[in-house]
Amino acid sequence: MRIGRTIPPAASPIYFRDMLNGLNSIMQGKTETERFKKELQEYFGVKHCFLVSSGKAALTIILKSYHKLHPDRNEVLIPAFCCYSVPSAIISAGLKIKLCDVNPETLDFDYSQLKELIAQSSPVKSAALVSTKHLTGQEKLKAQGNPKSKLLAILPVHLFGLASDIEQIKKLLVDPAVAVVEDAAQVMGTEQKGQKLGTIGDVGFFSLGRSKSISTVEGGIILTNNDKIAQQIKLQLVDISAYSLLELMKLLFQAFILSIFQYPSFFWFPKSLPFLRVGDTIYDPEFKIRKLSRFQAGLAKNWKAKLFEFSKSRRNAASKWSSMLNSTGITYYSSGNSSLFNFIRYPIRLENGKTWEMALTHSEENGLGIQLTYPDSINGITELHTESEGKDFPAARKLAREILTLPVHPLLSKKDIAKIESYMKSLQN
Ligand SMILES: *Cc1c(COP(=O)(O)O)cnc(C)c1O
């Protein structure tokens, strides 16, 4: 166990004044929640916005709503390397998981495999769908896509700050009934070619979890311009309850703890308590789904300023890392567009397994905040049954043992950066 300055791998500070705003908001009725929603709608330029208790909750509600619109479809296609929250939410929604391998150069879908999977899921596409071209809009609506397909949605995941190529997915999709649900949990505020991530797919969602772009301890945001799905989501939300008083107390307590123990000077303490499972990636389809509380909306009162400030420090650290890694020969990721350096964790790839393990151990002992991402590809989760049973996803499996992330969060000091830099330079890839 380490006692002393320990850098968290990712962090999203909650300040004392956020706490005051949160407490204040509890007294103020619904105004803060409505204000937060309005500001999000305006900033992201979307018609509909819904606020819930987590990114997982947001995804579950989105998928259930789509399933209501297409009850004969139950498969959700996701990248085989992504956050374990994604399969947790799909199972929680009562749906099935279909996997596609990833491209190790981009951490996005392997698009040749995606193309095949889409083609397989629409066996009669050429006859049934291409011929709808001559139909009027009204008739097209009736056509409702391919009646034989089980595919309900494709879920591009923007990992760490890198953008998935949604335009390409849209081009590959010939079946209009398949939804593109954008997992923007890690990229709130990031843009791709002038479009805000989270608003490019049919529906998008963000997470307000403790290590995401900005945090309200936990929380989820759903965005869409599609009236039909928004209507369904609204119906789903009727049955979702508010936080109970006890849950609210717990939230208050967690916010207080986070406002202190995310700081590197104190982070060693929660990290040393194994029952807190700090940094663990857990597959768990049993989680609570609630409406976002007024307290959380209050915590988010300064969200735009915080997002701006945090993105600035994250971009600074990321550009530091890219120029440092340039001289070490270690593989790092950039999208070729500096505006995209909005990482919440900075991914690097160490192809040598020994070096990978050594770096992890060294970081653990010295509190450097260098961390592994997801312990295995999604098909490697033992409790999980997927529709891709028996198939292997070699790129995804390999990435789980090659990717590490460097911290970029606003709580990094100059000294921390220098310490990490000197260690990385000593690594031979
Ligand atoms: C964190 C995360 C989620 C889930 O968000 P929670 O708020 O933690 O439930 C989903 N997808 C990705 C890619 C994430 O990083």
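**View 1. Aromatic pairs in the predicted model.** The count comes to 13 aromatic pairs, where rings of Phe, Tyr and Trp (its six-membered ring) pair if their centres lie within 6.5 Å, and planes under 30 degrees apart count as stacked, over 60 as edge-to-face and the rest as tilted. One of these is the edge-to-face pair of F109 and Y111, with 6.1 Å centre to centre and 75° between the planes. F109 is buried at 2% relative accessibility, and Y111 is buried at 14% (buried means under 20% relative accessible area, exposed over 50%, partly exposed in between, with a 1.4 Å probe and protein chains only). This is a predicted model, in which local features need pLDDT of at least 70, side-chain atom pairs count only at pLDDT 80 or more, and totals for chains, interfaces and linings use all residues. Residues are numbered from 1 along each chain as its sequence is written, and side-chain values use heavy atoms, with hydrogens and water left out.

**View 2. A ring cluster and a lysine.** Ring pairs link F36, Y43, F44, F206 and W303 into a cluster. The charged end of K196 sits over the ring of Y43, 4.8 Å from its centre (a charge sits over a ring if NZ of Lys or CZ of Arg is within 6 Å of the ring centre and within 35 degrees of the ring normal).

**View 3. Contacts with the ligand.** A polar side-chain atom of Q186 lies 2.6 Å from an oxygen atom of the ligand, while a polar backbone atom of K56 is 2.8 Å from a ligand oxygen atom. The charged end of K56 also sits over the ring of F287, 5.6 Å from its centre.

Terms used: Polar contact = N/O pair within 3.5 Å; in protein donor to acceptor, adjacent residues only side chain to side chain.
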